[in-house]
Amino acid sequence: MEPLFSEKQLQDMSKENIITLIQAMQVHQKKQETEIQLLKEKTKELEFMNALLSDRLALAQRKQFGSSSEKYAEGYEQMDLFNEAEQEADPNAAEPEMEEIHPKSYKRKKPTGKKEEDLSAFETTEVIKHKLEGNDRFCPECGTKYKVVTTITECYLKLANKKNLIRKIEMDPETLDWKCLSEDESEIPRDSLSAGEKQLMVISILWALAICSKKKLPVIIDTPLSRMDSLHRTALITTYFPNAGEQTIILSTDAEIDEGYYRLMKNNIGDEFTLNYDEVSKSTSIQKGYLIGAKS
């Protein structure tokens with residue numbers, strides 16, 4: 001390290017400058033001593049934290065894996081992983097004789113009587129299938145033949161615009177599960193039907209049940225045209241609504257039944273009302289007439 005001042009500079013300095021220089025050096029030395037003391041204290045603190053964390057890590061490992069019982073013998077030295085066998089092997093030892101082992105095939109024994117024992121606690125259920133024959137195939141009140149499935153197909157074909165897509169609808173008499181068949185009698189997956197076609201299928205089933213039951217019951221339909229295209233909407237308005245029941249109540253929005261569809265329904269409407277909701281009073285008022293030109 002080079003000196004801050006040369007010998008000539010020191011000789012030329014006055015007594016006052018030397019005193020000032022010594023005082024500045026003393027201040028600098030005290031500052032460095034303070035910094036060294038702080039670093040020593042910081043080092044002790046870090047050593048303490050390191051020891052504390054090491055103890056916590058060892059405690060956590062013992063809790064997770066248990067205390068280790070393995071101890072090395074005195075004078076033991078860890079050998080290299082890849083030459084341990086060579087160092088321990090005896091070069092003069094004889095080669096071992098090869099022995100062929102033929103394991104026997106294992107077959108799991110099937111427990112006997114287990115199935116009967118497991119099913120012994122269950123009640124025996126008998127399934128009886130009954131097929132209607134003779135006069136049982138006819139309604140005792142009206143004398144007509146039961147034909148719900150045929151009626152469902154007829155109702156659907158009256159409403160559907162794709163009449164060649166679904167030619168027949170079959171329903172299981174036990175599970176009431178239904179399926180659609182094409183012209184070649186192959187089943188049409190339900191997933192391939194659109195939302196409107198599925199809704200049309202449900203309406204056809206309800207319409208067929210109403211026809212076959214011969215009951216004069218009112219029918220209430222809420223937002224019936226929301227998923228329908230224009231052709232299906234026209235079919236429902238002109239074919240289904242007038243024949244849905246003895247009394248039919250339709251709850252719709254102005255987006256479903258606009259002015260054009262309203263004119264198609266007008267001749268079959270007995271009465272009409274509009275429900276208006278008031279945001280201020282949080283109440284609904286009833287007005288005479290439909291949404292288009294309703295009278296308060």
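Predicted model: local features only at pLDDT ≥ 70, side-chain atom pairs only at ≥ 80, totals over all residues.

**The whole chain**
- The protein runs to 296 residues, and 17% of them count as buried.
- Its accessible surface is about 25,700 Å², with 53% of that belonging to carbon and sulfur atoms.
- Take the contacts between residues at least 6 apart in sequence: 48% of these join residues at least 24 apart.

**A sheet to look for**
- Three strands make up an open sheet in the order β1-β2-β3, and the pairing is antiparallel.
- At the edges sit β1 (168–171) and β3 (187–188), each of which pairs on one side only.
- Strand β2 covers residues 178–181 and is joined to β3 by 2 bridges.
- Across from Leu181 you'll find Glu187 in β3.
- Have a look at Trp178 too: Arg190 lies over the face of its ring, 4.1 Å from the ring centre.

**Aromatic rings**
- How many aromatic pairs does the structure hold? There are 3.
- One of them is Tyr240 with Phe241, a tilted pair at 6.0 Å centre to centre and 50° between the planes.
- Both Tyr240 and Phe241 are buried.
- Another pair is Tyr262 with Tyr290, which counts as stacked because the planes are at 5°, with the ring centres 5.3 Å apart.
- Since Tyr262 lies in helix α8 and Tyr290 in the segment after β7 (283–288), that pair ties together parts that are 28 residues apart in sequence.
- Ring pairs also link Trp207, Tyr240 and Phe241 into a cluster.

**Around Glu272**
- Glu272 is in the loop that runs between α8 (259–265) and β6 (273–278).
- Is Glu272 buried or exposed? With a relative accessibility of 17%, Glu272 counts as buried, because the cut-off for buried is under 20%.
- The side chains of Glu272 and Tyr262 are joined by a polar contact of 2.6 Å.
- Setting aside neighbours within four places in sequence, Glu272 is in contact with Tyr262, Lys266, Lys288, Gly289 and Tyr290.
- So both tyrosines of the stacked pair turn up among the contacts of Glu272.

Definitions and conventions: Residues numbered from 1 in each chain as written. Heavy atoms only, no water. Pairing = 2+ DSSP bridges. Helix = DSSP H or I, 4+ residues; strand = E, 2+ residues; numbered from the N terminus. Buried < 20%, exposed > 50% of the residue type's maximum accessible area, 1.4 Å probe, protein only. Contact = heavy atoms within 4.5 Å. Areas by Shrake-Rupley, 256 points an atom, 1.4 Å probe, with all protein chains shown as cover. Polar contact = N/O pair within 3.5 Å; in protein donor to acceptor, adjacent residues only side chain to side chain. Phe/Tyr/Trp six-rings, centres within 6.5 Å; stacked < 30°, edge-to-face > 60°. Lys NZ or Arg CZ within 6 Å of the ring centre and 35° of its normal.
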